[in-house]
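Subject: Structure handover

Hello,

Here is the structure you were going to take over. My notes on it follow below.

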Amino acid sequence: PPTRMAGARSRAAARVAVFPLPFQGHITPMLQLAGALHARGLAITVLHTAFNAPDPARHPEFSFAAVPDAISDAAAATEDGSMDRALAMNAAVEAPALAESVRDALASMLRAGEQEEEKEPRLACLVIDATLTAVQEAAAGLGVPTLVLHTCSAACFRLFRSYDMLYDKGYLPAQESNLLLPVKELPPLQVRDLFDPSKLPSKEIGLKLLNLANETTARSSGAIINTFEALEAQELETVRGELAEKGIPIFPIGPLHKLTSVDSVGTSLLKQDSTCIQWLDTQESGSVLYVSFGSVVHITQDEFTEVACGLANSGKPFLWVVRRGLVLGVEKPELPEGFESAVKGRGKVIEWAPQQEVLAHSAIGGFWTHSGWNSTLESVYEGVPMLSRPNFGDQLVTARYVEDRWKIGILLEGVLEREKIKRAITMLMEEKEGMETRQRAKNLKEKMRMCLESSGSSQQAVDKLVDHILSF
Ligand code: UDX
């Protein structure tokens with residue numbers, strides 16, 4: 001809990017501007033970080049695009065500055081999670097016009113901090129999403145230092161720093177014959193867990209995108225990672241060592257959702273359907289499987305049908321988030337015929353959940369997830385074991401760690417097929433292996449909670465970060 005409120009009521013010691021990449025999985029941790037810094041007495045200005053803009057009315061404690069974005073309707077209409085979208089969005093947030101607008105907004109904050117002595121706190125720095133190189137350049141042009149927020153795990157950040165090695169040592173391009181090969185430099189990853197740029201229409205563009213986080217970090221005054229020491233000690237050690245050589249400190253500050261007063265209603269771009277909480281109240285303790293694939297993953301119509309039938313055939317209670325657009329090319333996915341009567345009273349389908357509240361509910365016994373990093377941290381915090389079905393990018397890395405390193409979940413691999421799904425659900429929810437997984441998830445939850453205590457590593461990292469910011 002954000003207990004350290006020293007200075008919050010008096011005039012802020014400094015202002016921090018933040019600029020998230022405009023997607024749910026990136027906006028959420030950035031606003032949470034902003035909340036953690038605000039609770040330590042810093043003033044916050046959120047810079048944001050019109051596309052996926054956060055709602056200022058939900059955050060009266062922050063100032064907001066909209067920067068006109070170059071996100072065309074065509075770019076916004078690309079499929080969520082697709083390479084086209086990644087490229088279109090990257091081009092949009094890297095556009096010179098957007099960087100110029102950011103520069104103007106920062107310049108105006110700098111002027112306000114200089115002129116109105118005693119009234120406006122000085123602008124100390126800009127915290128950016130790890131991919132925003134043009135925005136970082138704009139800040140550098142004004143002499144404003146940047147900090148980089150990494151919204152994925154330290155393991156994933158370490159992987160992004162390793163692509164030269166992966167090509168040099170022949171792990172990539174991946175071959176059918178080496179998919180199961182352990183990457184001994186990056187345990188417990190195997191070749192099949194690596195996001196392989198050679199599979200993209202342009203390997204060079206893929207590598208360029210993967211390298212953005214390294215570029216911004218190398219030019220930054222510090223890297224903030226939404227993780228905690230006890231979870232990723234080795235990975236943090238490697239990254240810390242590499243960056244220390246360049247004089248760049250790292251701050252493992254996570255799970256951000258528990259270091260902040262910013263709640264999920266305030267960060268959610270979609271309206272949460274809270275009726276599911278009353279429904280969960282009627283279910284037995286630890287009996288319900290919560291199913292959600294986050295805000296950007298797509299599945300095919302066939303996969304959707306197999307998931308529905310697998311859930312129906314499992315005989316277990318479930319709460320399933322079927323977000324609009326989940327099924328490729330379909331606005332509102334149709335459930336298979338007979339599904340509703342088959343799962344009556346036992347299954348509930350909603351469009352968007354208050355996920356943190358759901359995972360905290362005593363009725364939840366498991367989480368079938370796409371292994372997005374925010375979802376994973378939220379599940380770890382509640383000690384809920386996972387059924388992992390990663391889709392792309394960092395999710396593959398996280399799912400491998402969930403199964404092989406932390407052993408708090410089961411990986412669901414290969415073609416999605418109803419019988420396989422039913423077996424996996426049974427294993428997680430009632431068999432011995434599932435019970436052991438559950439116990440380990442409970443143990444890890446305790447470790448995470450220790451990091452959040454006032455002397456815990458994540459709280460100390462926030463203190464160090466605030467000192468660092470005030471030193472600019
Ligand atoms: C994306 C990537 O997929 C992820 O791997 C990366 O680490 C961050 O960006 P997303 O796919 O949306 O994010 O997944 P995730 O990181 O899990 O974030 C989803 C967020 O939406 C979570 O904070 C979750 O609580 C919230 N959510 C999800 C809801 O509030 N309601 C829902 O029904 C589902």
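A residue is called buried here if 20 or more other C-beta atoms lie within 10 Å of its own, exposed if 12 or fewer do, and partly exposed in between, with C-beta atoms placed from the backbone. Helices (H or I, at least four residues) and strands (E, at least two) are DSSP runs, numbered from the N terminus. The model is predicted: local features need pLDDT of at least 70, side-chain atom pairs count only at pLDDT 80 or more, and totals for chains, interfaces and linings use all residues. Residue numbers start from 1 along each chain as its sequence is written.

Overall

The protein contains 19 helices and 13 strands. Of its 472 residues, 47% count as buried. The C-alpha trace spans about 65 × 50 × 45 Å along the principal axes.

β1 is mostly covered, five of its five residues being buried. Arg-15, Ala-17 and Phe-19 lie on one side and Val-16 and Val-18 on the other, and all are buried. In general, side chains in a regular strand alternate between the two faces of the sheet.

Strand β2 (residues 43-48) has six of six residues buried, so it is largely enclosed by the rest of the structure. Ala-43, Thr-45 and Leu-47 point one way from β2, while Ile-44, Val-46 and His-48 point the other way.

Two strands are said to pair if DSSP finds at least two bridges between them. β1 (residues 15-19) runs parallel to β2 and is joined to it by four bridges. Within that pairing, Val-16 has Ile-44 as its bridge partner, and Ala-17 has Thr-45. β1 also pairs in the parallel sense with β4 (residues 123-129), over five bridges; there Ala-17 stands opposite Leu-126. β2 in turn runs parallel to β3 (residues 63-66), with four bridges between them, and His-48 has Ala-66 as its bridge partner.

β1, helix α1 (residues 24-39) and β2 form a right-handed β-α-β unit. Right-handed is meant in this sense: with the strands pointing away from the viewer, the path from the first strand over the helix to the second runs clockwise.

The six-stranded sheet

An open sheet of six strands has the order β10-β9-β8-β11-β12-β13, with parallel pairing. β10 (347-350) and β13 (409-411) stand at the edges with a single partner strand each, so one side of each is left without a neighbour in the sheet. Neighbouring strands in this sheet are turned by 15° against each other on average, direction ignored; axes are lines fitted to C-alpha atoms (for helices over the stretch in contact), and angles run from 0 to 180 degrees between N-to-C directions. β8 (residues 288-292) and β11 (residues 364-369) run parallel and are joined by five bridges, with Ile-364 as the bridge partner of Val-288.

The ligand

The ligand is surrounded by 25 residues, the closest being Gly-25, Gly-294, Gly-372, Trp-373 and Ser-375. A residue is near a molecule if its C-beta atom, placed from the backbone, lies within 6 Å of it. α1, α14 (355-360), α15 (373-382) and α16 (394-405) each supply at least two residues of this shell. By type, the shell has seven nonpolar, 16 polar and two charged residues. Ala, Val, Leu, Ile, Met, Phe, Trp, Tyr, Cys and Pro count as nonpolar, Asp, Glu, Lys and Arg as charged, and the others, Gly among them, as polar.

Backbone points to check

Most residues other than glycine have a negative phi, and most peptide bonds are trans. The bond from Leu-172 to Pro-173 is cis, with omega near -5°, and Pro-173 lies in the loop between α7 (163-168) and α8 (203-218). A cis peptide bond also joins Pro-187 and Pro-188, with omega about 5°; Pro-188 lies in the loop between α7 and α8.

Asn-52 has a positive phi, near 55°, and lies in the loop between β2 and β3. Asn-52 is partly exposed, with 19 other C-beta atoms within 10 Å. Lys-407 has a phi near 55° and its place is in the loop between α16 and β13. Lys-407 is partly exposed, with 17 other C-beta atoms within 10 Å.

Regards
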